[in-house]
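Hi there,

Here is the structure I promised to pass on to you.

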2 protein chains.
Amino acid sequence: MSELRDPIRSGARPGGRSLRVQEAVHAAVTALIEEVGREGLTVPQVAARAGVTPSTIYRRWNDMTTLISDVAQRNLRVDCPLKPSGRLSEDLPAWAEMYQEEMDSTPGRAMIRDVLRGWDGTQKACPLLDAVRPSIALICEASGEPVTFDVEAVIDAVVAPLVTRIVFTDAPLPATLARDAAVAFVAQHSSGK
Amino acid sequence: MSELRDPIRSGARPGGRSLRVQEAVHAAVTALIEEVGREGLTVPQVAARAGVTPSTIYRRWNDMTTLISDVAQRNLRVDCPLKPSGRLSEDLPAWAEMYQEEMDSTPGRAMIRDVLRGWDGTQKACPLLDAVRPSIALICEASGEPVTFDVEAVIDAVVAPLVTRIVFTDAPLPATLARDAAVAFVAQHSSGK
DNA sequence: CCCTTAACGCAAAGAATTTGCTTTTATTCG
DNA sequence: CGAATAAAAGCAAATTCTTTGCGTTAAGGG
């Protein structure tokens, strides 16, 4: 959509006033989304609430879509309190179930959409999948058994069907969709080859 | 995002001038995307090219995002010249390969993103998956063998991993990603149970 | 502690969007 | 096959959003 200011740059000023402004704006967006929804949410409105000039927002984020996407990305960080038991056949399904509950909810769905709207496909990092890989990797490592598959394979088998439905459909999901996929995946990769 | 005018409604006027305006606007969008790209494409610009008043566009589509999404949805109709051989183990991988080529291309990726940006998740019909189901169903029916799976299962196994990568990443895809998934899927559903 | 300059504030200029009203013209019905 | 009806388009004024130039504030580095 449009280049956000690169936070890692020589001479950049990530602290102090800049940071306060960023926090105030993010908070204002979050609050106003609650109050008036995403539609009919305008930059001048956010600016007023944050105690900031509209031009400040335009210069940093360019437009409302990018700003909302930026806020949504912060909320993607699901700090899941994982306590891997070490048994893949338990941990992966458990995580999958939790992940589905997190994502297939009104705020979860809205968050994914918000992230996507501000995503133009030219950035390297993919916020949603990047947020997920560490958890999967952790579960695999905790497993004593040597894994014969890739983290990407898990994403294909359990994350992809889930997010595809969330992104492209309105219909409520079967409660055990992700869990079942995880169980099937583990079964397939332990028995046989 | 915002309700497009319901085309099926008592008293609606799908023909005549309305239709001409719609076609002119769609054509203008397509042409201008080529010339100036999606960014920096404005409603007044489109209106001028289409020989229409801006207010006409605003009243019908509400905003540029919705209009672009609407245009992209028309282009989703991939009339794939399928000639099912009747052997699932050939037809499904062949279709998967073709589908990937169609979607994992610069215009294909842009199209998917355009559709998603105008998608607020409250419509019943899902333009992307709806465009795919008939093809899969056709292949399954053409197969003499009685199928032991669902169309949705195919979507989960081959379409989902594909679109997830397209939607969430910038990285180029392995050329045989979808084909391989299709082969594995057929193998799994013919042997064994 | 001072210097440099990134980032903000302010206000004017410019562009996009909304809105009330009029006109055109599909569609329906007699 | 004409009216009659109302959906959709045109037009223009009013509003609101966005951009931009320039002065001011205050991080970060020497």
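In this predicted model, helix α5 (residues 88-103) of chain A packs against helix α9 (residues 177-190) of chain A at an angle of about 155°, and their axes are 7 Å apart. Axes here are lines fitted to C-alpha atoms, for helices over the stretch in contact, with angles from 0 to 180 degrees between N-to-C directions. Helices are DSSP runs (H or I, at least four residues) numbered from the N terminus. The angle makes α5(A) roughly antiparallel to α9(A) (over 145 degrees). Residues in contact (heavy atoms within 4.5 Å) include A:Leu92 and A:Ala96 of α5(A) and A:Ala182 and A:Phe185 of α9(A).

A second pair is α6 (residues 106-117) and α8 (residues 151-168), both of chain A, whose axes come within 10 Å and cross at roughly 85°. These two helices, α6(A) and α8(A), are therefore roughly perpendicular (65 to 115 degrees). On the α6(A) side the contact is made by A:Arg109, A:Ile112, A:Arg113 and A:Leu116, and on the α8(A) side by A:Arg165, A:Ile166 and A:Val167.

How many disulfides are there over all chains? The count is 0, taking a disulfide as a pair of cysteine sulfur atoms within 2.5 Å.

Residues are numbered from 1 along each chain as its sequence is written, and chains are lettered from A in the order in which they are written. Local features need pLDDT of at least 70, side-chain atom pairs count only at pLDDT 80 or more, totals for chains, interfaces and linings use all residues, and side-chain values use heavy atoms, without hydrogens and water.

Best wishes

Note on methods:
Angles under 35 degrees count as roughly parallel, over 145 as roughly antiparallel, 65 to 115 as roughly perpendicular and the rest as oblique.
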